[in-house]
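Dear colleague,

Please find below the structure that I am handing over to you. My notes on it follow, arranged by chain and then by region.

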Amino acid sequence: MGLDIRLPIGLLFSVLGLLLAGFGVFSDKGIYQRSLGLNVNLAWGVILLIFGIIMVVFGNRGSTIRPHEQDSAGNRGRSAGGKP
Amino acid sequence: MGVYALFVVGIGVGLKRYMKTSTDFFLAGRSIPAWVCGLAFISANLGAQEVIGMGASGAKYGIATSHFYWIGAIPAMAFVGIFMMPFYYGSRARSVPEYLRLRFDEKTRGLNAISFATMTIFSSGISMYAMAKLIQTLHILDAPLQNLGLPLSASFHCSVVISAIVVLAYVVLGGLVSAIYNEVLQFFLIVAGFLPLVFLGLKDVGGWGGIKAQLAPAYTHSWQGMGSAQTNLLGVEWFGLVMGLGFVLSFGYWCTDFLVVQRAMAAHSMSAARRTPLIAALPKMVFPFLVILPGLIAVALPAQPAVPFTGPRAARTTSREVVPTGRGLIPAKIDQTGNPVLDANGNAVLDYDLAIPNMLVHYFPTGILGLGLTALLASFMSGMAGNVTAFNTVWTYDIYQAYLHKDASDQHYLWMGRMATVFGIALSIAAAYAATRFNNIMDFLQLVFAFVNAPLFATFLLGMFWKRTTGHAAFAGLLSGTAAAAIHQGLTLPGGAAPGIKGGWLATVHLYPSEMAQNFWTAIWAWSVCFLVTVLVSLITRPRKESELAGLVYSLTPRNSERHLPWYKRPAVLGVVVLTLALILNIIFW
């Protein structure tokens with residue numbers, strides 16, 4: 001199949017991670033009483049972002065190894081996945 | 001949520017250009033790597049029943065719910081991967097009913113195809129209904145609806161329509177690949193949404209030790225007390241559990257249900273297809289920690305005064321009615337007049353289905369709460385899409401092509417598959433609305449499906465491993481097994497229930513301690529009768545020529561050597577690993 005599943009997964013989680021972590025940085029600390037005082041938005045957002053980036057990297061590598069597409073090696077994250 | 005929906009449809013659009021033939025659409029061109037199929041394999045099953053239902057059972061029955069995984073699903077998945085997949089994948093059948101035609105005859109296939117197609121429609125309808133109901137209960141759509149000036153009662157309709165459109169979009173455009181890709185996405189989302197929940201919950205109650213300290217031992221031991229039905233929360237004794245759930249029901253589901261088998265059949269090679277269920281078994285094994293633990297934590301917590309997010313109405317009623325409150329995070333069921341539902345002893349009936357949603361709302365602040373709810377919705381959608389893709393394949397190949405319009409062009413069937421998707425979803429919507437009107441009809445239908453499904457595994461087992469089995473025998477066996485299930489259910493009754501839909505509508509000759517025990521024994525009876533009748537009829541009917549059965553029966557199929565594969569890719573090795581791990585888990589939570 002032409003589309004490596006790891007790219008969309010990686011992109012989705014990178015976006016979600018960024019949103020969540022960003023929200024965690026700027027949000028009012030009062031809302032974290034629910035979550036036992038932990039800023040779960042920031043913590044989990046960062047974890048999701050890392051996971052997302054790993055997926056994108058592996059997805060890119062997987063699709064460049066295969067002969068059908070000669071992707072420029074410089075495109076790591078964004079531009080290669082921009083066209084899912 | 002918006003980001004998620006965009007991605008979901010985006011995958012469909014991205015894949016559309018690859019959908020050139022009906023094989024691409026229905027079987028994903030047989031080109032998917034094993035790990036992707038594996039994740040889709042469990043994700044397709046991860047519908048409403050799984051996440052909400054297992055959380056609910058976790059709260060109700062405790063860790064014994066894990067039997068559905070460690071005794072139920074895992075051995076069955078190992079079996080289908082090692083022994084059955086070679087016949088499904090190798091026979092070049094495109095669906096499970098088609099295998100039945102190759103192995104047996106047309107009527108057996110017709111019976112299976114029609115009952116399966118109806119079942120998928122209703123399951124997807126029930127999934128849709130449960131999702132819409134949940135959105136309504138949690139008031140997720142209230143704010144946008146108010147902004148648009150629509151009444152709050154539109155929430156249900158909106159959820160049904162939106163979920164239908166999203167699933168429709170990605171299945172019609174990308175077919176099975178799209179459904180599989182989305183299922184993998186949903187799998188990761190569900191994990192991402194629930195993992196922090198389990199972490200926070202466990203931290204709050206003081207870890208597994210904290211749960212143990214809060215709850216009776218029956219909640220935290222899965223096998224202790226299984227000696228007799230009276231000493232465990234499930235109300236089943238070990239024999240009924242192992243045979244009914246572990247053998248008949250689980251093998252019947254994981255080995256014969258096209259919904260899951262279809263995912264493995266999409267794999268790019270025979271060994272990948274065989275690895276699919278085995279790879280799936282690994283995450284499946286740890287799913288109890290994601291879905292059952294939150295339920296357990298919800299009951300282990302001290303009773304809470306109503307969770308603000310469940311909406312103003314629920315909060316008001318619980319604070320006014322002090323006496324019958326819920327337990328832990330689990331609220332009492334509220335009837336239409338806003339009063340808690342009471343059972344015969346005056347105790348509140350708990351709404352266990354809200355265990356997981358309430359946990360999410362209790363622990364997650366704004367932000368990650370959106371992620372948690374998205375994960376929940378993703379689980380509903382993956383269940384729906386799984387049913388819809390299984391339906392369109394069975395409809396097109398086994399009903400339309402077989403009986404209504406033979407010998408059309410491949411393009412025509414591709415078109416039909418897309419149409420079937422549209423009709424399937426339309427019918428699901430109708431089923432969802434039927435469920436709002438006639439709750440009993442849904443119960444009744446699920447009962448009928450249980451009767452139809454219970455004997456199936458006996459037919460497959462005999463068909464694949466005994467070359468003497470004949471088509472007439474398979475057909476007679478299935479019918480008599482279904483009849484046996486119905487008769488058994490009609491003659492028995494779970495304790496505390498009135499005769500009617502719960503059983504006993506013929507006469508009550510035996511009382512079971514619980515509904516679950518009755519279900520398991522119904523399955524055992526159905527299976528045994530089907531097995532016996534199939535064997536007997538096979539012996540008096542003429543068997544097919546052996547040459548016709550090559551690739552369909554175990555003894556007549558050349559074994560593929562797996563020697564060239566590295567050990568971690570050999571199905572047998574993986575199977576042993578999976579089973580050992582399941583055994584260890586059973587012992588830890590004994």
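Predicted model: local features only at pLDDT ≥ 70, side-chain atom pairs only at ≥ 80, totals over all residues.

**Chain A**

Of the 84 residues that make up chain A, 38% count as buried. Chain A holds three helices and zero strands, and its pattern along the sequence is α-α-α. Among the contacts in chain A with a separation of 6 or more, 69% join residues 24 or more positions apart.

**Domains of chain B**

For chain B, the domain assignment gives domain 1 (2–437) and domain 2 (449–558). Their contact draws 30 residues from domain 1 of chain B and 25 residues from domain 2 of chain B. On the side of domain 1 that touches domain 2, the elements that give two or more residues are helix H5 (67–90), helix H6 (96–103), helix H7 (106–138) and helix H12 (238–256) of chain B. The largest share of that side, 11 residues, comes from H12(B). By class, the residues on this side of domain 1 of chain B are 17 nonpolar, 10 polar and three charged.

H6(B) passes H7(B) in a right-handed crossing. From H6(B), the residues Pro97(B), Glu98(B), Leu100(B) and Arg101(B) meet Glu106(B), Thr108(B), Arg109(B), Asn112(B), Ala113(B) and Phe116(B) of H7(B). This contact comprises four nonpolar, two polar and four charged residues.

H7(B) also contains Ile135(B). Ile135(B) counts as buried because 23 C-beta neighbours lie inside 10 Å. Between Ile135(B) and Val160(B), which are 25 residues apart in sequence, the C-alpha to C-alpha distance is 9.9 Å.

A second pair is formed by helix H3 (residues 34–45) and helix H14 (residues 270–300) of chain B, which pack at an angle of about 55° with their axes 7 Å apart. H3(B) and H14(B) are therefore oblique to each other, and H3(B) passes H14(B) in a right-handed crossing. H3(B) contributes Ala34(B), Trp35(B), Cys37(B), Gly38(B), Leu39(B), Phe41(B) and Ile42(B) to the contact, while H14(B) contributes Ala272(B), Arg275(B), Thr276(B), Pro277(B), Ile279(B), Ala280(B), Pro283(B) and Lys284(B). Divided by class, the contact of H3(B) with H14(B) has 11 nonpolar, two polar and two charged residues.

Leu195(B) lies in helix H9 (residues 154–205) of chain B. Leu195(B) has 15 other C-beta atoms within 10 Å and is therefore partly exposed. Although Leu195(B) and Leu290(B) are 95 residues apart in sequence, their C-alpha atoms are 6.5 Å apart in space.

Helix H20 (residues 456–465) of chain B is mostly covered, with nine of its 10 residues buried. The buried residues of H20(B) are Leu456(B), Phe457(B), Ala458(B), Thr459(B), Phe460(B), Leu461(B), Leu462(B), Gly463(B) and Met464(B).

The loop between H20 and helix H21 (471–491) of chain B holds Thr470(B). Is Thr470(B) buried or exposed? Thr470(B) counts as buried, because 21 C-beta neighbours lie inside 10 Å. Leaving aside residues up to four places away in sequence, Thr470(B) touches Ser538(B), Thr541(B), Arg542(B), Pro543(B) and Arg544(B).

H21(B) packs against helix H22 (residues 515–540) of chain B at an angle of about 150°, and their axes are 7 Å apart. H21(B) is therefore roughly antiparallel to H22(B). Their crossing is right-handed. The contact of H21(B) with H22(B) has 14 nonpolar, 10 polar and no charged residues.

With kind regards

Terms used. Residues numbered from 1 in each chain as written. Chains lettered and ligands numbered in written order. Axes fitted to C-alpha atoms, helices over the stretch in contact; angles between N-to-C directions. Helix = DSSP H or I, 4+ residues; strand = E, 2+ residues; numbered from the N terminus. Parallel < 35°, antiparallel > 145°, perpendicular 65-115°, else oblique. Left-handed = near helix turned anticlockwise from the far one by under 90°. Contact = placed C-beta atoms within 7 Å. Nonpolar A, V, L, I, M, F, W, Y, C, P; charged D, E, K, R; others polar. Domains from an automatic or database assignment. Buried ≥ 20, exposed ≤ 12 C-beta atoms within 10 Å, placed from the backbone.
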